[in-house]
Amino acid sequence: MKRSVSLIILLLVSALIAACGGPQAGGVTPTAAPPTGATPAPAKPTEADCPKPEVLCVGLVTDVGEIDDKSFNQSAWEGVKRAEAELGAIVNYVETKDAKDYDANIALFTEKGYDVIVTVGFALGEATAKAAAENPNVKFIGVDQFQATTIPNVAGLIFAEDKAGFLAGVLAAGMSKSNKIAAVLGTNLVPPVVAFKEGYENGAKYLKPDIQVIATYHPGGLDTAFTDPKWGADQAKLAIDQGADVIFGAGGKTGNGALIETAANADKGVYCIGVDTDQWETVPEARPCLISSAMKLITPGVFDLIKKAQEGNFPSGNYVGEVGLAPFHDFDAKIPAELKAKIAEVDKGLRDGTISTGYKP
Amino acid sequence: MQITDTLARPSVARLPWVTIGVWGGLAILVLVAYARAPQATTAVLTSTIRQSTPIILGALAGIMCERSGVINIGIEGMMLIAAFLGFMFNVWTGDLLLATMGALLVGAAVGAFHALMSITLKVDQIIAGTVINILAVGLTGYFYQQGLTTRGKLTPVSIPVLADIPIIGPVFFSNPPITYASLVLIVVIHVLLFRTVWGLRTRAVGEHPAAADTVGIAVNRVRYINVIIGGMLAGLAGGFLTLESVGSFERNMTNGRGFVSLAVMIFGKWTPFGAWGGSLLFGFANALQSQIQFLKNQLPPWLAWIGDLPPQFIGMLPYVLTIAVLAGFVGRARPPAAIGKVYEKE
């Protein structure tokens with residue numbers, strides 16, 4: 001009897017704690033209800049004026065996570081803030097605490113008559129398309145949401161990851177002394193990861209045709225491929241041990257593991273390159289080796305789309321945002337001027353189409 | 001009875017020739033590979049040790065618990081909790097030695113919790129382990145905050161002279177502290193289990209607790225201490241992940257390595273050296289699957305098809321190898337006889 005009672009209590013307690021955990025960021029109250037009291041913007045027309053056509057109101061719905069996540073959510077919000085400053089828009093955001101709340105959080109803005117709604121992340125694609133069908137007069141900007149079919153009032157902000165990877169490849173090849181560079185990648189099941197990899201490899205070969213590029217994809221599924229820093233660190237070490245001296249980490253936390261491992265070997269003269277955002281800010285542990293990051297410029301992409309929505313020439317379907325390399329920070333002096341010039345030249349070539357990344361989706 | 005069979009010291013005369021043949025063959029392969037590509041061979045072997053470290057520590061944890069008759073499927077959870085708190089100690093104190101001690105203590109505490117549940121409270125031992133696994137995912141996921149950073153991780157220490165030997169030097173004598181500790185612990189636990197009074201008592205308690213009791217061994221006390229030691233070993237494995245291998249924490253970062261440890265423990269028939277062989281095989285297969293991807297563009301034409309295989313397929317290699325060796329060479333694995341049974345005095 002005693003045994004079964006203690007067993008039941010244990011199971012209940014553990015189930016309770018497990019239910020509180022999950023994929024949320026720590027420390028937040030795990031309420032299912034969306035927080036309605038997000039800070040209203042201090043602008044002259046108030047939120048109540050949103051239904052009026054002359055007042056531009058922009059709402060942002062984050063993916064599960066915080067608005068100041070130093071990643072996608074924050075970058076998109078900065079684009080919205082720029083619209084507030086430059087276009088006089090009324091702006092507001094909702095932090096999603098649970099993937100079940102996507103629809104409800106979008107509805108918070110559509111009900112108040114917002115004109116433009118930004119939804120951040122691939123995972124919100126379905127909820128965005130649904131809300132767009134129900135609210136044909138509202139413009140939706142879906143960050144990282146590839147549009148397979150064109151919906152008139154949805155613009156998917158996507159990025160040419162292969163171009164960002166190409167620039168990173170040129171930089172890596174230019175900095176390599178051993179003529180061997182490596183990439184530690186998330187899974188090949190996610191197309192942008194493949195684009196980063198192919199671009200990186202071709203970029204390196206563009207600068208040094210005889211360079212050796214070694215790369216590994218995480219062999220696990222979507223559930224582990226981006227959250228396995230131990231694997232990433234092991235790959236980086238394996239690559240460094242056989243002479244690779246620039247490591248490109250592209251795969252969420254898995255890639256971050258590779259960056260931190262490379263930083264621990266920085267005394268051997270190895271460098272690392274981050275991905276998506278300027279990882280100098282997001283992974284300070286990697287600073288001893290981090291020469292740059294292959295960035296997707298979400299902030300200007302979001303701003304441009306809001307501006308186009310205001311001007312009345314909102315593009316439906318896919319809108320390709322800018323990509324580029326992050327600042328070199330402390331390594332600025334170590335990067336030869338001719339390499340910087342070469343990167344600028346390649347960047348220009350990629351933009352005007354005279355250089356192809358060789359990546360076919 | 002089979003008891004005498006396992007209680008007897010493993011003697012040299014009974015060494016399985018198949019195992020020797022396999023390892024001998026591997027050694028020759030390594031030498032051939034080294035002659036062709038010294039740098040890559042050394043790198044793969046270094047990676048093998050590195051990837052096998054958390055596995056062997058977890059397996060040693062399992063051996064200590066199960067040899068005394070307590071099933072421990074909570075190794076994964078013990079590793080995860082210790083990895084998390086070890087990381088937090090590192091964030092708070094910035095002292096890696098203190099953080100490692102912290103991870104050990106946390107492991108001991110979770111081990112004591114497991115002992116309390118399975119010995120004193122007489123909870124089903126499988127359930128007790130499952131509770132620890134669920135608890136670990138929930139607790140660490142809830143309390144972890146993004147953006148915590150540390151001042152570094154444990155770095156390799158080269159042992160003078162020995163580290164200069166080709167192949168063996170970089171692989172065995174140029175490692176970070178917890179890796180050295182794991183190599184030493186394999187020998188220590190082997191001696192402890194098979195050459196000391198304590199080990200004899202532990203095995204007696206795991207095989208036939210009633211008999212052990214009649215000769216005056218405090219069965220539950222021996223079990224408690226062994227489960228706590230096991231918890232400390234699992235804690236060290238967790239500390240390895242956050243303090244030595246990665247340098248930061250991520251939710252659910254053990255990624256099933258605790259369960260692989262269990263498989264490796266059975267693979268090694270509940271012996272430290274057997275488990276070490278299993279974890280090396282697992283680590284080597286993991287390193288090899290990365291190396292195959294690295295070599296994608298350099299394979300000779302008749303092997304080019306290997307480079308075109310999906311990484312997920314090559315990723316099965318460690319598991320397929322484990323199953324093949326387990327089924328083909330290891331033979332029937334017999335756990336300690338009293339495993340999973342609560343001991344109650346009649």
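Helices (H or I, at least four residues) and strands (E, at least two) are DSSP runs, numbered from the N terminus. The model is a predicted one, in which local features need pLDDT of at least 70 and side-chain atom pairs count only at pLDDT 80 or more, while totals for chains, interfaces and linings use all residues. Residues are numbered from 1 along each chain as its sequence is written, and chains are lettered from A and ligands numbered from 1 in the order in which they are written.

**View 1. B:Leu321 in helix α16 of chain B.** B:Leu321 has its place in helix α16 (residues 317-330) of chain B. A residue is buried if 20 or more other C-beta atoms lie within 10 Å of its own, exposed if 12 or fewer, and partly exposed in between, with C-beta atoms placed from the backbone; because B:Leu321 has 16 C-beta neighbours inside 10 Å, it counts as partly exposed. Leaving aside neighbours within four places in sequence, B:Leu321 is in contact (C-beta atoms, placed from the backbone, within 7 Å) with B:Leu281 and B:Ala285. B:Val227 is 94 residues from B:Leu321 in sequence, and their C-alpha atoms are 30 Å apart in space.

View 2. Helix α13 of chain B covers residues 272-294, and its 23 residues should span 33 Å at 1.5 Å a residue, which agrees with the 32 Å between its end C-alpha atoms. The expected span of a helix is 1.5 Å times one less than its number of residues. Of the 23 residues of α13(B), 20 are buried, so the helix is largely enclosed by the rest of the structure. B:Lys269 lies in the loop between α12 (257-267) and α13 of chain B, and its phi is near 50 degrees, a positive value in a residue other than glycine. With 19 other C-beta atoms within 10 Å, B:Lys269 is partly exposed.

**View 3. Helix α5 of chain B and B:Lys122.** In helix α5 (residues 96-120) of chain B, the 25 residues should span 36 Å at 1.5 Å a residue, and the end C-alpha atoms are 35 Å apart, which agrees. B:Lys122 lies in the loop between α5 and α6 of chain B, where it has a positive phi of about 60 degrees although it is not a glycine. This residue, B:Lys122, is partly exposed, with 17 other C-beta atoms within 10 Å.

**View 4. Strands β1 and β2 of chain A.** Strand β1 (residues 57-61) of chain A and β2(A) pair (at least two bridges found between them by DSSP) in the parallel sense over 5 bridges. A:Val61 has A:Val94 as its bridge partner in β2(A). Strand β2 (residues 90-94) of chain A has 5 of its 5 residues buried, so it is largely enclosed by the rest of the structure. In a regular strand the side chains alternate between the two faces of the sheet. Both faces of β2(A) are covered, with A:Ile90, A:Asn92 and A:Val94 buried on one side and A:Val91 and A:Tyr93 buried on the other.

**View 5. Strands β6 and β7 of chain A.** Strand β6 (residues 180-185) of chain A pairs with β7(A) in the parallel sense over 6 bridges, and the bridge partner of A:Val184 in β7(A) is A:Thr216. Of the 6 residues of strand β7 (residues 212-217) of chain A, 5 are buried, so this strand is largely enclosed by the rest of the structure.

**View 6. The largest nonpolar core.** A nonpolar core is a set of buried Ala, Val, Leu, Ile, Met, Phe, Trp, Tyr and Cys residues joined through C-beta atoms within 7 Å. The largest such core has 191 residues, and those with the most contacts inside it are A:Val58, A:Val118, A:Ile247 and A:Val302. Its largest share, 13 residues, comes from helix α3 (residues 38-67) of chain B. Domain 1 (32-145) and domain 2 (161-295 + 324-352) of chain A both give residues to this core, so it lies between them; the domain bounds come from an automatic or database domain assignment.

**View 7. The contact of chain B with chain A.** The contact takes 48 residues from chain B and 41 residues from chain A. On the side of chain B that touches chain A, α6(B) gives the most, with 10 residues.

How values were computed:
Two residues are in contact if their C-beta atoms, placed from the backbone, lie within 7 Å.
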